[in-house]
Amino acid sequence: MALRIAVLYSSLITFLVVQIAASADIDDVTLKKLLQLVPEIPAIPTKNGYYIFVPSPPCQCESQANTPKQSKKDSTQSQNPNNNPIPNFNTNPSTNRNINPTQNQNSNSNINQQQTFSISQMRGVNRAGLEYSCVKNFGIFDGPNDETSIQAIKNWKVNVVRLPLNEDCWLGINGINSAYSGENYRSAVVNYVQLLRKNGLSVILDLHWTDGYYSGPDSECNDFIAKCQKPMPDAENAPKFWQSVAKQFKDDDNIIFDLFNNASPDKAIQDKNSAWKCWKNGGDSCPGFQYRVAGMQDLVNAVRQTGATNPVMLGGIRSANDLSKWQENVPKDPKGKIIASWHSFKEDKCNDEQCWESEIAPIAKNYPMIVSEIGQRDCSHSYIDKLMDWLDKKQISYLGWTWNTWDCSSGPSLISDFSGTPTNFGRGLYERLNGNGNNQPSSGGSINTGGSSSSEGGSPSAGTSSSGSISTPSPGKKPDKRQLRGVNRSGSEYSCVKNLGIFEGPVDDNAIKSMKKWNINAVRVPLNEDCWLGINGHTAAFIGTNYQNAVINYVNLLRQNDLTVVLDLHWTDGIYGGPGQGDCYDKSAKCQKPMPDKENAPKFWKSVASLFKNDEGIIFDLFNEPFPDMVINDKSAAWKCWRDGGSACFGFQFEVAGMSDLLNAVRSTGAKNKVMIGGLTWANDLSRWQEFLPSDPANNIAASWHSYNFNACNNKNCWESQIAPIATKYPVIVGEIGEHGCTHSYIDGLMDWLDTKNISYLGWTWNTWDCSSGPSLITDYSGTPTQFGKGLYDRLCVSDDSTQTPPSGSYNGDVSSGGGSTS
């Protein structure tokens, strides 16, 4: 009886919570509290159509002797991406033209289950990069993948985005750089898909590059691993890929699975009928291949075995341009949710209306169809204009290739920058989606497994993108005082000049939540002078406006998460090849220089300060690690160079900016933000810091100190004699703490001392490098600590009986001055 009462009570509470969520004016915070009453409900859709989840505790803390709790979920899965509306199911055929109320029975008795779902016309873009960047060691994406970059896509009024994926990088196999494969790759994809869905966009996930050694006709690469387009998917790993992907995304029918990009079994098999048989069945039906082939039926089966009901797309042969025998050979789908995929480029064989009417139109009457790639390789748009006329008339979906900043004369590239400026080729698609008031796509592409076939009801955010526009930083908050304890987030100082991208690793909200689980309240972001200013010839996609917008968006997201942000000028210009410099001998900002340059460092700070001056929760670290004493042997002269720059800095091959120059550059903008200034010897020597400190009209300077076990000032005697006196008069922020050797004994003692003085500190660094080669805090971006990182984790994520509790909330201006008055 008690069990029955408990079940009835739970059912009643569940019913009430669902009714409240669906009908009442209730805020998300209250709804979260209600959800905690019903642990059986993991998430509930709110009025706006999105899901709200029961929040997990901010820090999964255990005693300092134990390892943080780790998830035991499938290693190929990341966080559930379903912050999105679930489409309604409808068994009634729609009146939409591009539907299949009942699939025709085809001539070879390949009879499919009736398909009664339809799709609204979707018009969008491909976002290439995920298929190749990881295997070419560039990173994970090609170009930005944040909220601002998605808004730029939406400004074209698209409602769907197709993401080409890489089999090896998703599965984490075949020796791909671990930073760009496996869990890191999957998390990046999941996070980006979540962001696209939150923006009301449908998503197509496309298996683009796969394994299999192929050296036959028209081979694109002579390599077994997934480094190019193969003519057919491999039986060894392609089904595993789709089983993993389908498990991850199976709860959202607005995520479509494009099972294989450009099938071309006809490259290896001359007979057309045999090629189609290979396309469908794989295995023994595919003679002439040097690897075991998976057929389309194998991939459909792999998806459906997971319970996924998502629609699946199947392209034909001849790089998905030939659909002549598609209906005759289409695989069986127990869910009856197959979409015909077609690719159409000017250079293809089926490139005129006669072919479209005879080969494509009959399929479109019986099945939903998506032309997942349209384009031409001559930087014009006459072909796609004619093609889109025909497709719009038939209400067939299509996506332009590709939303990347390549030269459109060498391939179909839609944009010249990631703010969305169209190339001459891209103008054809842009004007079709934005212009003349006709044929506008519906707002937010949708798959209608039922309900009304139309998803119309307003367009995405209007307004055209403007080339070179800069995002707006979030407004500031009222200053507060507290000790800062946090992490560095390295990557934005070097990725852009090494042609790897802008960041290293994910920079979305989920990645920030992983950091916050360590109970941090501050993040330091190292920056690159050239990339911010857009100078010295680095890759345009990663510098200038693109770089600035990416940084602004990341800072905004950190601040929205109540984290203080330290912006650090890390790499600067100036030729230097003297003592203490083994990284580079290059004028551009490709390594740490001993002092900032007079030509560009003040310009950098004027630009940065102008953008962020309204938020005193953003601190400016004027220069990462000065070491003029490596050039100037006399310590007094080195300190003078440090402060004054210019003629005080003899022995340099470039004109030096002193700390006074950088401070003046900041204050000239009207910015009152706190500035950090480090001392000599890579910011470890503060012996004469007070004596040479520049004058600040805003009276808002903090001493910056770096402390590693291999530094000179690495013991309590030095800390008490050199650091403690400064901390009684000025705020001190230890911008970097660390040690070599994958241990944490040094930082443990250091943090003991810093906490007794209430001095702020940040660990180096929140990156997944091997901690035996340098101080890396984590092994993955979900926040699993390295042995070194465990020292900081245990300190911040302390057990309940600890006497030292990490500060909560954010700092918004004033750092604790360590017990003394702030200067």
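Helices (H or I, at least four residues) and strands (E, at least two) are DSSP runs, numbered from the N terminus. The structure is a predicted model, in which local features need pLDDT of at least 70 and side-chain atom pairs count only at pLDDT 80 or more, while totals for chains, interfaces and linings use all residues. Residues are numbered from 1 along each chain as its sequence is written, and side-chain values use heavy atoms, with hydrogens and water left out.

The mean pLDDT (the predictor's confidence in each residue, from 0 to 100) of the chain is 82, and 76% of the residues score at least 70. Over residues 448-468 the pLDDT stays under 50; for this segment the model has 59 contacts (heavy atoms within 4.5 Å) beyond four places in sequence. Residues 819-823 also stay under 50, with 13 such contacts.

Most residues other than glycine have a negative phi, and most peptide bonds are trans. The peptide bond from W401 to T402 is cis, with omega near 0°, and T402 lies in the loop between β11 (397-400) and α12 (424-434). A cis peptide bond also joins W764 and T765, with omega about 0°; T765 is found in the loop between β21 (760-763) and α23 (789-796).

D562, not a glycine, has a positive phi of about 60°. This residue is located in the loop between α15 (544-560) and β16 (564-571). D562 has a relative accessible area of 34% and is partly exposed (buried means under 20%, exposed over 50%, partly exposed in between; 1.4 Å probe, protein chains only). N758, likewise not a glycine, has a positive phi of about 60° and occupies the loop between α22 (745-757) and β21. N758 is partly exposed, at 31% relative accessibility.
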